[in-house]
Amino acid sequence: MAQAFLLGVAAGYAIAIPFGPIAILIVRTGVRQGLRAAAAAGAGTATADLVFATIAMLFGAAASALIAPILPPARLVAGAALAVIAVRGLLAVPSPVDGEGTSRPGNTYFLFLGLTMLNPPTVIYFVSLAIALPEVSADFPSRAAFVVGAFLSSLSWQEFLAVVGAMLHGRLTPRLQRITAVVSSFIILALAARVAFG
């Protein structure tokens, strides 16, 4: 069981650490709205990884077969959602930040949960691991340990990103806010195209 947990930790970091559009959005949320909002964003993203890892461990290859037909439209929806967020970031007018942002952490949590759930290839990633590592899927306690390890590692990484963004909260001048918004928006647009058509 300990081995399954450590494999889950490694799998969670492997899927979470590559810097994609969600990571950029978590950092940007921290910069704009502070730690509470960014922490909620990170928790929403980690929860999606928890859901995907659980589905993979419970249903294995059947989950992959069910998800395969919806991958193309899900990619298009995810790309479109990211493009809208990027365009909104480009059009937003930066202003001096006083205290915490006005967005409710609950709303931010569900927004990031939804955005991350639009990335069903994550299920296939976890299913592939379940098939490739039979010692993980051998019994229920091992599967549960794997899922918990994957969730905790994903959560720790997302919350690290939240703290990084929050450290800049209130410290950027409106001009620097605008520069970071434009740069991050163009990166998100590029990643949105890759998600939708890659």
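I began with the surface: the accessible surface of the protein comes to about 9800 Å², and 73% of that belongs to carbon and sulfur atoms. Accessible areas here come from the Shrake-Rupley method with a 1.4 Å probe, and for residues only the protein chains shown count as cover.

I noted what kind of model this is. It is a predicted model, in which local features need pLDDT of at least 70, side-chain atom pairs count only at pLDDT 80 or more, and totals for chains, interfaces and linings use all residues. Residues are numbered from 1 along each chain as its sequence is written, and side-chain values use heavy atoms, with hydrogens and water left out.

Next I looked up the elements. The protein has nine helices and zero strands, and from the N terminus on they run α-α-α-α-α-α-α-α-α. Helices (H or I, at least four residues) and strands (E, at least two) are DSSP runs, numbered from the N terminus.

I checked burial. Of the 198 residues in the protein, 42% are buried (under 20% relative accessible area, with exposed over 50% and partly exposed in between; 1.4 Å probe, protein chains only).

I then took contacts, meaning heavy atoms within 4.5 Å. Among those between residues at least 6 apart in sequence, 92% join residues at least 24 apart.

Entry on H3 and H7. Helix H3 (residues 35–59) and helix H7 (residues 121–132) pack at an angle of about 45°, their axes 8 Å apart. That makes H3 oblique to H7 (under 35 degrees is roughly parallel, over 145 roughly antiparallel, 65 to 115 roughly perpendicular, the rest oblique). Axes are lines fitted to C-alpha atoms, for helices over the stretch in contact, and angles run from 0 to 180 degrees between N-to-C directions. On the H3 side I found Asp49, Phe52, Ala53, Ile55, Ala56 and Met57, which meet Thr122, Val123, Phe126, Val127 and Ala130 in H7.

Entry on H1 and H7. Helix H1 (residues 2–16) packs with H7 at about 150°, with the axes 11 Å apart. That makes H1 roughly antiparallel to H7. Ala11, Ala14 and Ile15 of H1 make the contact with Thr122, Tyr125, Phe126 and Leu129 of H7.

Last, I looked up one residue. Thr45 lies in helix H3. Is Thr45 buried or exposed? Thr45 is buried, with a relative accessible area of 4%. Leaving out residues up to four places away in sequence, I found that Thr45 touches Ile22, Ile26, Phe112, Leu113, Thr116 and Gln158.
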